[in-house]
Amino acid sequence: MTDAPDSPALAGRNLLVAVGGGIAAYKAVLLVRALQERGASVRVAMTRAATRFVGPVTFTGLTGTPALTELWDPNYAGELHVELGAWADAIVVCPATMNLLARAAHGHADDVVLATLSCATGPVLYAPAMHARMWAQPATQRAVALLAEAGATFAGPTVGRLASGEKGAGRLAEPEDVADAVVRVLHEASRKADMSGRQVLVSAGPTYEDLDPVRYLGNRASGKMGFALAAAAAARGAEVTLVAGPCTLRTPPGVHRVDVRSAREMERAILDGFARADAVVMAAAVADYRPVAVSEGKIKKTDQPLQLTLMRNPDILAGLGRLRKDGRPVLVGFALETDNVIAHARLKLDKKGVDLIVANHPEDGFGGDENVVSLVDAQGAEKLPRLRKRAIGDRIWDRVVARLGP
Ligand code: C5P
């Protein structure tokens, strides 16, 4: 995706390449070149371990500015990490080692690379490289999930030959591909504020319907999709209210959270914000039924079968579809079906009177960080590739933004 030479894709961009300490550090040299060929001004910061693999002088020579290896320069009066974080339009961490990912995920800031990451003002892209077993470690995957949740993007790793000679997932993405990913990330970031001034309501998680003081009927929703949607909208400048059923996920930064338990509580909270909302996305798995009566005391067990009588809960989304006027707010629902996914989503679109249905493809199960979905509206169905939930959230908001117009 390199642009024509007369309009390089990264012209006028300041990029910091942060080099971690792994064998793949030598490829950071090629990345610097690839970014420069795309028109960027590049500076380089290195961890101490990185300097064991590639000499800073190589980067100094390539970039024409000293490669930074230390926070402690007695001759420097400013705050290097703060200035560098503000200077860089984006930071590319290449290679991102297991150690570097873990430290960044947990807010360590004790060298020039980590301190600068903590002061980043633009997007951060990680290009991981490590042995396949290190990449597969739960600790690494947790770090990646935390960083992704905070808005970072990842290029690779790819599957291929590793430094050890074995094959596996952990190989650094090709420097040209990392450079292309930087172009994409900056492009995405430039539409970052496209939801500022918009108010959105997002529901997430399960609902619990109490049977007695200790028991309830619930479902297996993790809440991750709704929380990712809320985080994505807040990152794009929207004022976000997240109506959350029972779940233990952390509230994304800048999001106003309202905790609810039952479907009827969720309905009340949604109706509260409905009049002010530009868009409502119902990602919650709302319980369709609730017990007709909630027992005041704990229901005693007997040897007889226990009969529960359930009644329908309000369909919150369909209610909003009936209530709204002139297509405002924009309404988005989810559909989880085991067969004829798209056909069912189309029916739901009409039946609930909404603009967009996000249809989950059933191969996926529950609770993961990625998903395969189709976006179904009156114009047709678009099946998205397997994506992280945050990226799915962005694709959904792209559709909402397009509907809201300027
Ligand atoms: O009808 P179904 O449950 O398959 O529809 C799913 C969509 O409708 C989801 O967006 C869900 O949040 C919403 N819904 C609702 N109220 C209900 C049931 C589902 O708003 N009682």
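**Salt bridges, a helix and a pocket**

Begin by selecting Asp 194, Arg 236, Asp 394 and Asp 398, which are linked in a network of salt bridges. Bear in mind as you look that this is a predicted model. A search of the whole structure finds 24 salt bridges, and a few of the other pairs are visited below.

Next, select Arg 38 and Glu 176, whose side chains meet in a salt bridge with an N to O distance of 2.8 Å. Arg 38 belongs to the loop between H1 and strand E2 (41–46), whereas Glu 176 is part of helix H9 (residues 175–190), so the pair ties together parts that are 138 residues apart in sequence. Arg 38 counts as buried at 3% relative accessibility, while Glu 176, at 39%, counts as partly exposed.

From there, move to Asp 278 and Arg 198, which form a salt bridge in which the closest N and O atoms are 3.9 Å apart. Both residues sit in loops, Asp 278 between helix H11 (263–274) and strand E13 (279–282) and Arg 198 between H9 and strand E8 (199–204), so this contact ties together parts that are 80 residues apart in sequence. Asp 278 is buried, with a relative accessible area of 18%.

Now pick Arg 403 and Asp 355, a salt bridge with 3.6 Å from N to O. Here helix H14 (residues 389–404), which holds Arg 403, is tied to the loop between H13 and strand E17 (356–360), where Asp 355 lies, and the parts are 48 residues apart in sequence. Arg 403 is partly exposed, with a relative accessible area of 36%, but Asp 355 counts as buried at 11% relative accessibility.

Return to helix H1 (residues 25–37) and compare its ends: at 1.5 Å a residue its 13 residues should span 18 Å, and the end C-alpha atoms are 19 Å apart, which agrees. Among the buried residues of H1 are Ala 28, Leu 31, Val 32 and Leu 35. Just after H1, look at Gly 39, which takes a positive phi of about 100°.

For the surface, select Tyr 289, Leu 306, Leu 308 and Leu 310, which make a nonpolar patch of about 390 Å². Leu 306, in the loop between strand E14 (289–291) and strand E15 (310–312), counts as exposed at 60% relative accessibility.

Finish at the second largest pocket, whose volume is about 1,100 Å³. Of its 41 lining residues, Ala 284, Ala 285, Val 286, Phe 334 and Leu 336 lie nearest its centre. Helix H10 (224–235), helix H12 (316–323), strand E16 (330–336) and helix H13 (341–352) each supply at least two residues of the lining.

Terms used. Residues are numbered from 1 along each chain as its sequence is written. This is a predicted model: local features need pLDDT of at least 70, side-chain atom pairs count only at pLDDT 80 or more; totals for chains, interfaces and linings use all residues. Side-chain values use heavy atoms; hydrogens and water are left out. Helices (H or I, at least four residues) and strands (E, at least two) are DSSP runs, numbered from the N terminus. The expected span of a helix is 1.5 Å times one less than its number of residues. Buried means under 20% relative accessible area, exposed over 50%, partly exposed in between (1.4 Å probe, protein chains only). Patches are made of residues with over 30% relative accessible area and no salt bridge: like charges are joined within 9 Å, nonpolar side chains (Val, Leu, Ile, Met, Phe, Trp, Tyr) within 5 Å. Accessible areas come from the Shrake-Rupley method with a 1.4 Å probe; for residues, only the protein chains shown count as cover. A salt bridge is a side-chain nitrogen of Lys or Arg within 4 Å of a carboxyl oxygen of Asp or Glu. On a 1 Å grid over the protein atoms alone, a cavity is a set of points where a 1.4 Å probe fits but cannot get out, and a pocket is an open set with protein on both sides within 12 Å along at least five of seven lines; lining residues have an atom within 4 Å of a point. Grid points are joined across faces, edges and corners, and a volume is the space filled by probe spheres set on the points.
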